[in-house]
Amino acid sequence: MGREEILARIRSALSDRPHAQADNAALDERMAMRPAGPAVHFDGDLLPRFIAKSLANHFTLERIASMQLLVPAIRALLPADETPDISVAQALDHVGWPPEWTINRGAGRPVERLSVTLAYAGIAETGSIVMRSGADSPTTLNFLPDLHVVVLHASDVVRYPEDVWRRMDVSAAAWPRSVNVISGPSRTADVGGTIVRPAHGPKSVQLIIIDD
Amino acid sequence: MGARAHGFRDRASEALADANLQRSIASLKDGFVAARARAVAELPEFEAMREAGAAIKDHTLANLDHYLLRYEAEVVKRGGHVHWANDAEEACRIVRDICHRVGAKTVTKGKSMVSEEIGLNAALEADGLEVLETDAGEYIVQLAKEAPSHIVMPTIHKTTRQIADLFHEHHQRYGFTERVEDAAELIGQVRSVLRSKFFAADVGVTGANFLVAETGSNVIVTNEGNGDLTSTLARVHIVTAGIEKVVPTLNDTAVLLRLLARSALGMDVTSYVTYATGPRRPDDLDGPEEYHVVLIDNGRTKMLAGAIRPMLRCIRCGACMNHCPVYLSVGGHAYGGVYPGPMGAVLMPMISGHDKAQELPHACTLNGRCQQVCPVKIPLPDLLRRLRHEQWEEGFIRGKSRWGITAWAWLATRPVLYHRLTKLIVALAGLAGRSRGRFHRLPLASGWTDDRDMPAPQATTFHAAWAKAKRQR
């Protein structure tokens, strides 16, 4: 509808630029180079920084030595007298879930006590985790549960968000529908300025870091 | 909405007398201003980041046609649709047509200031659709049939008690029969009421903090998680965004996000930053079947063409209003438009026209704090002065103001006469006000003396005092 009119007005507004048209080659080069801005400087190893920042973001956190210890770690998060009914991202199918547990391997449900997902990366600068949507990681599992459990390999912690983008394939075929950078439980301060957790999303986010 | 901006003076007077409002706004001064100052002090790179942020936006704006086309191509490549709207009416029509085509009954909405700007809710409701704001703050102002009074904190004008009354009135039908005043319980009601609505929605509308040309993504920055439930659970996701929201790359969003969270909330990060791109992929277990973006001009190309272009750098953090003595005295509703505070005083005349927002560029003391805290260095006071000048040139300033300014300008360009006359006035006024040192009333100055006294001059002009001091040196 308004496409050609808007573009014409933009070009007329920019008529003072050196070239009548945008210098497409130079702009494509900038896009390909993807220049980074000033970084938040910090010293030291990535993992201690990531852990300190994620705790400041109100994540809770546990470190385990291997994926074999994941099932007991999840079991411990639920009341002992209750047979678990949880949602698990298919990325964690191979973990060996007890057959007596009720496990939803699909998208999130309207009432969702606990979900377990696998993070694509962690960001040390901000203590954030990065979730990448796909068949093995439905987005709703990040937002519907009361308790969101995120499994993160220690080796997947990178320094900056720019490092996440460098690792990801941005091409149309590979780029996911949704990339969620998560830095804490859901919260709001819309009633009287008081911070309340949760708002619409998880009340708590438990990180389980696998020290591999 | 713009039409309400006519009565800024009346609304400001009402706001000053509203004790609840005054208490609510005071929390901004203590909370957000201090938090931002701490966050900035902790980051030695902040100043360099402001430069980088402004440069990214300037570069994009200088090549806006290129980046919008690149963005559009990437959205289409990833299965989405891009629509272009010249103005508010076209934008609403595009959204209404999509809703109509997919047989929508219920529309959920994440927070989107541009959707407020185009009046989307009213347009959809006129078609018989149920439209539900899902951000807790937006939900509250929608229930109260009010407009947001701050672009980041829509309910900053409401006390907990008022919200408790509102929910007690509207939530009994959901089984919440008791009136509660606890913030956590009140938010718990919002969560419970809206959870099923997310699943029932046919269309989910969100805004965009940024559009990424590199990947065709829209970025939303939130804390509640409602935006993601809106965009993921509805059958159709529609993004409403101004054309100035595009940036070239993912790395550019990293620079701007560092500025945004610190400037808006005084925090390093928000709980959620989401890059949403296109509809669900063939293997996906969730996500919308359709993905649409409505790119909205509505006055933005006019800003691009002229001296107001730097305003298009704005990333909607709200720091300018949090630091504005006028906003902090009268709150957001006094501005009468969608965007309040310094950024609103520039945007509203450009979006609605000078005739609809004439008073806003004058609701400013030119103290400059907004420019000092702006994360992308928008010279807001200069832009406001520029708009005042435009209003003068285009004849929007009339009556006593025009006559007074014309007379003063005539006098100010005649230095000899000016000095003699001011010397005389100052001497007479000094004499008249000698006993009390101040005046309760002055002719032609009731706007000042109605609310406070005018100090009496010291019986000598600045020029005379200066000349005397020079002689004594």
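## Strand β9 of chain A and its partners

In β9(A), Asn180(A) is the bridge partner of Met131(A), and this pairing belongs to a predicted model in which strand β6 (residues 128-132) of chain A and β9(A) run antiparallel to each other over four bridges. Strand β9 (residues 178-182) of chain A is also joined to strand β9 (residues 272-276) of chain B, again in the antiparallel sense, by five bridges. Within that pairing across the two chains, Ser178(A) has Ala276(B) as its bridge partner in β9(B), while Ile182(A) is partnered by Tyr272(B).

The pairing of the two β9 strands sits in an open sheet of eight strands, whose order is β8(A)-β5(A)-β6(A)-β9(A)-β9(B)-β6(B)-β5(B)-β8(B) and whose pairing is mixed. At the edges are β8 (157-158) of chain A and β8 (246-247) of chain B, each of which pairs on one side only.

On the chain B side, strand β5 (residues 210-212) of chain B and β8(B) pair in the parallel sense over two bridges, and Leu211(B) stands opposite Val246(B) in β8(B).

## The contact between the chains

Where the two chains meet, chain A contributes 65 residues and chain B contributes 75 residues. On the side of chain B that touches chain A, the largest share comes from helix α10 (residues 183-200) of chain B, which supplies nine residues. By class, this side of chain B divides into 32 nonpolar, 25 polar and 18 charged residues.

Strand β2 (residues 85-88) of chain A pairs with β3(A) in the parallel sense over three bridges, and Ser87(A) stands opposite Asn104(A) in β3(A).

Phe50(A) lies in helix α3 (residues 46-56) of chain A. Is Phe50(A) buried or exposed? Phe50(A) counts as buried because it has 26 C-beta neighbours inside 10 Å, against a cut-off of 20 or more. Leaving aside neighbours within four places in sequence, Phe50(A) is in contact with Gly122(A), Ala124(A), Gly127(A) and Val157(A). Phe50(A) and Ala154(A), although 104 residues apart in sequence, are 9.7 Å apart in space from C-alpha to C-alpha.

## Helices of chain B

Helix α2 (residues 19-41) of chain B packs with helix α12 (residues 250-265) of chain B at an angle of about 145°, and their axes are 6 Å apart. The residues that make this contact are Ala35(B), Arg36(B), Ala39(B) and Val40(B) on α2(B), together with Arg262(B), Ser263(B) and Leu265(B) on α12(B). Sorted by class, the contact of α2(B) with α12(B) has four nonpolar, one polar and two charged residues.

Helix α16 (residues 341-352) of chain B has twelve residues and reaches 16 Å from its first C-alpha to its last, close to the 16 Å expected at 1.5 Å a residue. This helix is mostly covered, with twelve of its twelve residues buried; among them are Met343(B), Val346(B), Leu347(B) and Met350(B). The buried residues of α16(B) pack against α6 (113-117), α13 (300-305), α14 (319-322), α15 (327-330), α17 (369-373) and α18 (380-393) of chain B. Just after α16(B), Gly353(B) takes a positive phi of about 100°.

## Confidence in the prediction

The model scores ipTM 0.98 and pTM 0.94. Chain B averages a pLDDT of 94, and 99% of the residues score at least 70. Over residues 1-5 of chain B, however, pLDDT stays under 50, and for this stretch the model has 18 contacts beyond four places in sequence. Where pLDDT is low, the predicted coordinates should not be read in detail.

Terms used: Residues are numbered from 1 along each chain as its sequence is written. Chains are lettered from A and ligands numbered from 1 in the order in which they are written. This is a predicted model: local features need pLDDT of at least 70, side-chain atom pairs count only at pLDDT 80 or more; totals for chains, interfaces and linings use all residues. Two residues are in contact if their C-beta atoms, placed from the backbone, lie within 7 Å. Ala, Val, Leu, Ile, Met, Phe, Trp, Tyr, Cys and Pro count as nonpolar, Asp, Glu, Lys and Arg as charged, and the others, Gly among them, as polar. Two strands pair if DSSP finds at least two bridges between them. pLDDT is the predictor's confidence in each residue, from 0 to 100. Axes are lines fitted to C-alpha atoms, for helices over the stretch in contact, and angles run from 0 to 180 degrees between N-to-C directions. The expected span of a helix is 1.5 Å times one less than its number of residues.
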